[in-house]
Amino acid sequence: MARDTADRRRRETMIIVGGGLGGLSTGCYARMNGYRTRIFEMHEIPGGSCTGWDRSDFTFDWCISWLLGSGPGNEMYQIWLELGALQGKEMRHFDAFNIVRGRDGRAVYFYSDPDRLEAHLLGISPADAAPIREFCDGIRTFRKALAVYPFLKPVGLMGRVERWRMLASFLPYFTTIRRSITVLMTDYAQRFREPLLREAFNFILYEKHPAFPVLPFYFQLASHANQAAGVPEGGSLGLARSIEQRYQKLGGEITYNAKVEEILVEDDRAVGVRLSDGREFRADIVVSAADGHTTVMKLLKGRYLNDTYRRLYTSLIDEPGQLSPGYVSLFLGLRRPFPEGDPCTTYLLDEHEAAELTGIRCPSMNVQFRTRHYPELAPRESTVVFATYFSDIEPWRALREGPEQSSRVRRGEELHTLPVKHGRDYTAAKRRVRGGIVSFLDERFPGFKDAVAVADVSTPLTQVRYTGVYDGTFPGWNPFVEGSETVEQEIRKNGPVLPGLSDFYLSGVWATIGGLIRAAAAGRHVMQFVCRDDGREFHAEIDESAPPPTHLILPVGRPPQQAAPVEGIPSTSTVSTGALA
C-alpha cells in the first residue's frame, strides 16, 4: 500500500544494508531516482556471494558459472546494462551447458542448441525418442518465451490491464509452461528407458534438485541457446566491481568493514542503523539487502512480523528442503595446462568416492576447468580447477571449534570476515575433501596431482563468515517449495515491507527467489515501490559510458558417441559472433 498523503514526508536519504548485488543494484536505482544513498557492507569488497579471491598468482572465482540475461532478447539483459555490469566485456558461451558423466565413464553432453542436443541424445538411446523430442521441443518453445518473460516491473505494481497483457503474451507458450511447471524433473527422468539418461537428466543444472519441476531446466538451456547465459570477462568480482563503479559514478557512497548490528526504530519508523563499533547513522529510508533471517530476527529483534513472516523465519526456515543448500568448494591452481579438461562436468560418484566428501547431499560432484571460463584470472600455461558439491552445514558445525564469525581489530581497523580457526577435526575434514577430489581427478587426468601448486577449500561455514547468510545457504529460499512461494505471495500482496514498520524495505535474494539476476532485479523492484510510495515517477537508464558486450562461442568438443558433427554446427575451436544487437 502507498503511504497516506498526510504521511508523505519528503524522503531524500537512504541507508542500504549489504553491498552484495542486491544492495548495489538498490543503490544504483536509488541514485537514478534522486535519493542520496549510503551502503554499509561488512566485507572489504563488494559483491557478497558474487566474489573471488587471490591465492598466490591465481584468482579463484567462486560464483558465476553462468549469468542469466547476459545477452540480448530479454528483459534481464536491460537490467544488467542499466547497472553497467556487462559493458565493454567479452561474454563467453560454451556450446555445451554441462556434461554428465556416469560411473561407467559414459557421458551425456547437454548441448545448448536443441537440434544438436536431440541428435546427440537419440544417438545414445533411439528407444527414448518420444521424451527426447518432447524435451528438446520444450527448449525451442522457451527460446521464444524468454522474450516476454517479465523482469522489469514487479507483478505487485502492475495494474489489471498490465497483468492481462502479460498473461496474453504467454498464451502461445501456455501449454508447454503449464506442463513443465507441474512435472518434477525427477519424475520426467523416469520416462527414459536408458539408465544413463534416466540419471543424467537430474543433473543438467550441475547438481540434483529434487524439488525442481522441468521448467527451470527449459529456462536455463533456452537462455544458454539464446546466448543469454554466458560468463563475463573478469569473473564474479569483476562483475560486482563494475556495478560498484556504476553506483559510485551515479554519486552513491559505500562504506566497507562496516557491520550493521541494529536497525534503529523510533515510533515504528526505521530511522537509521547502529554499527558494531557503536556509531549510528540516520536516513529517511532504510533498505536491507542483507540475509533475511539476520535482518528480521537480529537487526530488527523479531519485531514487525505478521503471521506469515513469523512462520517463515521461526519454523519453516529450518524445515528440510526449504533453503537452497550450501556448497563445499575446492579450488586448485595447477602449474601446467590441461587442455583436455572440459569447462563443466558433473561426475556421478560411487559410494567410496562420495564417502571422502564431508556433508555431501548427493553422490555427485561438479568439476569445472575454470581457466576455460576465465583465462585472465590465472598465469599463462596454468590451470584453475573448481570442484563443488551440495553440502549441509551441520556436519561441518559438528567438527568446528570456536565462533562461526569473529570481528577483530587489525591495524586500527575493525574487520569482520577474517579467518576463524575451527580446530583440528574441521581442518582434517577439509584436507580429506582435498585429497579425495585430487585423487579422483588424478585418475582421469594423468599428472594432475603433481601439478597442484595452490589449493583452497571453502565450506558452508566459510559462506557464513564472509556474508553472514543463514546456514551457509546460497542463494536463500529454494525455488518451487512452500517457503519461496510464501515469500512471493507476501511481496506481491504487500510489497517488500514489514507490517507496522514505516520507511523500511527489503531487497536482495531474500526478497525474491533465485540467483544473481533476481538479486539485481530486486533492487530495481524495491525502488519502484519506494518511488510509488513517494509519489515519484520511477526512472532507469542504460549506462552508455562503454560499448555493449561482445560475445564469443567456445565449442566444448565432440563426445565419443557422436561420430560426425551435426550439419550446420561448426567444429572449429573458437567461433566469434562479435557484438549482438
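## The second largest pocket

In this predicted model, the lining of the second largest pocket is made up, by class, of 20 nonpolar, 18 polar and eight charged residues. The lining comprises 46 residues, and those that lie nearest the pocket centre are Ala 290, Asp 291, Thr 467, Gly 468 and Val 469. The space in this pocket comes to about 900 Å³, and the elements that contribute two or more residues to its lining are α1, β10 (260–266), α11 (292–299), α17 (460–467) and α19.

## Aromatic pairs and a cluster

The structure holds 35 aromatic pairs.

Tyr 149 is partly exposed at a relative accessible area of 25%, whereas Phe 219 is buried at 9%. Elsewhere, one aromatic cluster is formed by Phe 110, Phe 135, Phe 142, Tyr 188, Phe 192, Phe 201 and Tyr 218.

Two arginines are placed over phenylalanine rings: Arg 336 lies over the face of Phe 338, at 3.9 Å from the ring centre, and the charged end of Arg 444 sits over the ring of Phe 440, 3.5 Å from its centre.

Helix α15 (residues 424–444) has 21 residues, and its span of 31 Å from first C-alpha to last is close to the 30 Å expected at 1.5 Å a residue. Its buried residues are Tyr 426, Ala 429, Val 433, Gly 436, Ile 437, Val 438, Phe 440 and Leu 441. As background to such a list, an α-helix has 3.6 residues a turn, so residues three or four places apart point the same way.

## A buried loop residue

Leu 377 is placed in the loop between β16 (364–369) and β17 (383–391), and with a relative accessibility of 14% Leu 377 counts as buried, because the buried class covers values under 20%. The C-alpha atom of Leu 377 is separated by 7.6 Å from that of Phe 60, although the two residues are 317 apart along the chain.

## Backbone geometry

Most residues other than glycine have a negative phi, and most peptide bonds are trans. Against that background, the peptide bond from Phe 474 to Pro 475 is cis, with omega near 5°, and Pro 475 is in the loop between α17 and α18 (482–494).

Phe 480 also lies in the loop between α17 and α18; its phi is near 70°, a positive value in a residue other than glycine, and at 30% relative accessibility Phe 480 counts as partly exposed. Lys 301, in the loop between α11 and α12 (307–314), likewise has a positive phi, near 60°, and with a relative accessible area of 52% Lys 301 is exposed.

Key:
Residues are numbered from 1 along each chain as its sequence is written. This is a predicted model: local features need pLDDT of at least 70, side-chain atom pairs count only at pLDDT 80 or more; totals for chains, interfaces and linings use all residues. Side-chain values use heavy atoms; hydrogens and water are left out. Rings of Phe, Tyr and Trp (its six-membered ring) pair if their centres lie within 6.5 Å; planes under 30 degrees apart count as stacked, over 60 as edge-to-face and the rest as tilted. Buried means under 20% relative accessible area, exposed over 50%, partly exposed in between (1.4 Å probe, protein chains only). A charge sits over a ring if NZ of Lys or CZ of Arg is within 6 Å of the ring centre and within 35 degrees of the ring normal. Helices (H or I, at least four residues) and strands (E, at least two) are DSSP runs, numbered from the N terminus. The expected span of a helix is 1.5 Å times one less than its number of residues. On a 1 Å grid over the protein atoms alone, a cavity is a set of points where a 1.4 Å probe fits but cannot get out, and a pocket is an open set with protein on both sides within 12 Å along at least five of seven lines; lining residues have an atom within 4 Å of a point. Grid points are joined across faces, edges and corners, and a volume is the space filled by probe spheres set on the points. Ala, Val, Leu, Ile, Met, Phe, Trp, Tyr, Cys and Pro count as nonpolar, Asp, Glu, Lys and Arg as charged, and the others, Gly among them, as polar.
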